[in-house]
Amino acid sequence: MSAFTGTGRLARLVLRRDRIRLAVWVLGTPLLGYALAGSVKGFYPDEAARVGYASTSASSLVARAFNGPVVGTDLGAVVVAESYVTLALLAALLSTFAVVRHTRQNEETGRAELLGASVVGRYALLTAALLVVVAANVAAAALLAAALAGAGLPPAGSVAAAAAVGGVGVAFTGVAAVTAQLSVTSRGANALAAAAVGIAFLLRAAGDVLGEQTDGGLRVVSAWPSWLSPLGWGNQVRAFGGERWWVLALPVALLVAAVASAYALAERRDIGAGLVAPRRGPAAAAPGLLSPAGLAWRLQRGALLGWAVGVAVLGFSMGIAGDEFNAMIEENPAAAEAISAMGGGTRLIDAYLAAMLGLFALAIGAYVVQALLRTRGDETDGLLEAVLATAVGRTRWFATQLAAATLGAFALVLLGGLATGLGYGLVAGDPLGRAVELGGAALLRLPALLVVAGVVAALFGLLPRWSVALSWAALIAFLLLGQLGAVLDLPQAALNLSPYTHVPSVPAVDPAALPLVVLTAVAAALLAAGLTGFRRRDVPS
């Protein structure tokens, strides 16, 4: 029997299990790319506006760190500068999560051992996951190229930009194949892969910040650290700026090398084991683990700490960059219009700070979804049934999970506001005052996060089988409607579907109590529906 026997059937199983996730990924990427291209086209309609954008972006270290280098003044180059990092990070994270889900998670749940008892080769499970994820990246890239071309961009540059995004996904597909061999848990494998994505981002940012300006300050040539990063390779393709097609061979080479390493590592371990041995826990459990609240804290503290570090660092960076961004958008009417649309108000610096707080709230919404969907994982893994067999009731258990997620969201949104205010206050001369002001403004986003928690709770209680896919789909819809809806001139009826739309954009506008009260009431109704549904439905064994 070959080591690859059964790969085709297992690939069909992967497609069957992930048909909804893959459809959202493959179709959502080009739709997002098309929307971003259309919005950029509206903001920079002529050569003068694009020259102003290229000049200010090339001279701004913050813009180079977050958006990447500017390769020209063509519309396509501006579209890539504004959208590449977002699309590439999505491709990287979606690829790593998918590979880990169909490799390490299968081992963790015992499915791999069950499949291995049939006529299946040793490498079949890993190979099937890799084939499907690589195919998803290729399909998403092909549709993204068509979407960019459909938005009026040159075909060659559209293909190069889409291939750069797909190349990032392909590269991190191989990285996830390796991390799945190292860690004994899917959570650990995902954490290692996410750390690799973070390191790649930092290397790319360092290379772009250290790069040199050319062509009269309109173009940036990245320094050597960018060449150490798969995210940096996508920039070096130089879509719409004299394409360098040979760079696309680098992510393919990394995929081949990583897959070969993953196969070699798979030979050195048993099914279900990892090459990095898990640490032994204490001989006696802490007293706090005897309660649902203590268990919830123990399970979520690692993720919460990681989110807290990221929010604090990013918030402080965005605050420090406040004055620089203010100068940039004052020189660019299109950028000023975009910031005002996202943040509300007419004072640009306050609109910028409000927009940043809104983006933090959207990102923390992902934490809320992630934390609450752990309940579904506990149910499908059989852990919930064991917990409910004790003296813990359903209402108490679910209420504890909801409280842990919402308290975590409260802490993160407050931390984001304080860090942003502290950073901006240091350059404005009032760190304490601005930290307190923006911390309070950030807390006004909490009712919107409660609505997100209510949506996830209602789906878990009423539609458990669909809760994972629908929860993430709802968050993505809130992102598009709440932040990009105003920029894309969507009708107000569509914008109102997002809870983020109703949050007052403080400090750009004055706070209003009524929208916050309504959002809180909606969240309470959704949470009650979720609790009621969970109490009345079956919990599968």
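I looked up Arg 434 and found a relative accessible area of 15%, which counts as buried (buried means under 20% relative accessible area, exposed over 50%, partly exposed in between, with a 1.4 Å probe and protein chains only). This is a predicted model, in which local features need pLDDT of at least 70 and side-chain atom pairs count only at pLDDT 80 or more, whereas totals for chains, interfaces and linings use all residues. I note also that residues are numbered from 1 along each chain as its sequence is written, and that side-chain values use heavy atoms, with hydrogens and water left out.

The side chain of Arg 434 meets that of Asp 350 in a salt bridge of 3.8 Å, N to O (a salt bridge is a side-chain nitrogen of Lys or Arg within 4 Å of a carboxyl oxygen of Asp or Glu). The pair links distant parts of the chain, since Arg 434 sits in helix H20 (residues 431-443) and Asp 350 in helix H16 (residues 348-372), 84 residues apart. Helices here are DSSP runs (H or I) of at least four residues, numbered from the N terminus. Asp 350 is buried as well, with a relative accessible area of 11%.

**The network at Asp 18**

Asp 18, Arg 21 and Arg 101 are linked in a network of salt bridges. The closest N and O atoms of Asp 18 and Arg 21 are 3.1 Å apart, while the bridge between Arg 101 and Asp 18 is given as 2.8 Å, N to O. Arg 101 lies in helix H5 (residues 75-101) and Asp 18 in the loop between H1 and H2, so this pair ties together parts that are 83 residues apart in sequence. Which of these residues are buried? Asp 18 is buried at 2% relative accessibility and Arg 101 is buried at 16%, whereas Arg 21 is partly exposed at 36%.

**Helix H1**

In helix H1 (residues 7-17) I find Thr 7, Leu 10, Ala 11 and Val 14 buried. Seen down the axis of H1, these buried residues fall within an arc of 105 degrees, so they line one face of the helix; the arc is that of the directions from the helix axis to the C-beta atoms. The face turned away from the buried side carries the exposed residues Arg 9 and Arg 12. Helix H7 (111-116) and helix H8 (124-150) are among what covers the buried residues of H1.

Asp 208 lies in helix H10 (residues 186-209) and is buried, with a relative accessible area of 0%. Its side chain is joined to that of Ser 222 by a polar contact of 2.6 Å (a pair of N or O atoms within 3.5 Å; within protein, one must be able to donate a hydrogen and the other to accept it, and residues adjacent in sequence count only if both atoms are side-chain atoms). Leaving aside neighbours within four places in sequence, Asp 208 is in contact with residues including Arg 64, Pro 69, Ser 222 and Asn 235, contact meaning heavy atoms within 4.5 Å.

Ala 160, in helix H9 (residues 155-182), is likewise buried at 0% relative accessibility. Leaving aside neighbours within four places in sequence, I list its contacts as Val 237, Ala 239, Glu 243 and Trp 245. Ala 160 and Trp 245 are 85 residues apart in sequence, yet 7.4 Å apart in space, C-alpha to C-alpha.

**Backbone entries**

Most residues other than glycine have a negative phi, and most peptide bonds are trans. Arg 238, in the loop between helix H11 (230-236) and helix H12 (249-266), has a positive phi near 60 degrees and is buried, with a relative accessible area of 12%. Phe 240 is found in the loop between H11 and H12; its phi is positive, about 65 degrees, although it is not a glycine, and it is buried at 8% relative accessibility. The peptide bond from Val 506 to Pro 507 is cis, with omega near 15 degrees, and Pro 507 lies in the loop between helix H23 (492-495) and helix H24 (513-536).

Note on methods:
Helices (H or I, at least four residues) and strands (E, at least two) are DSSP runs, numbered from the N terminus.
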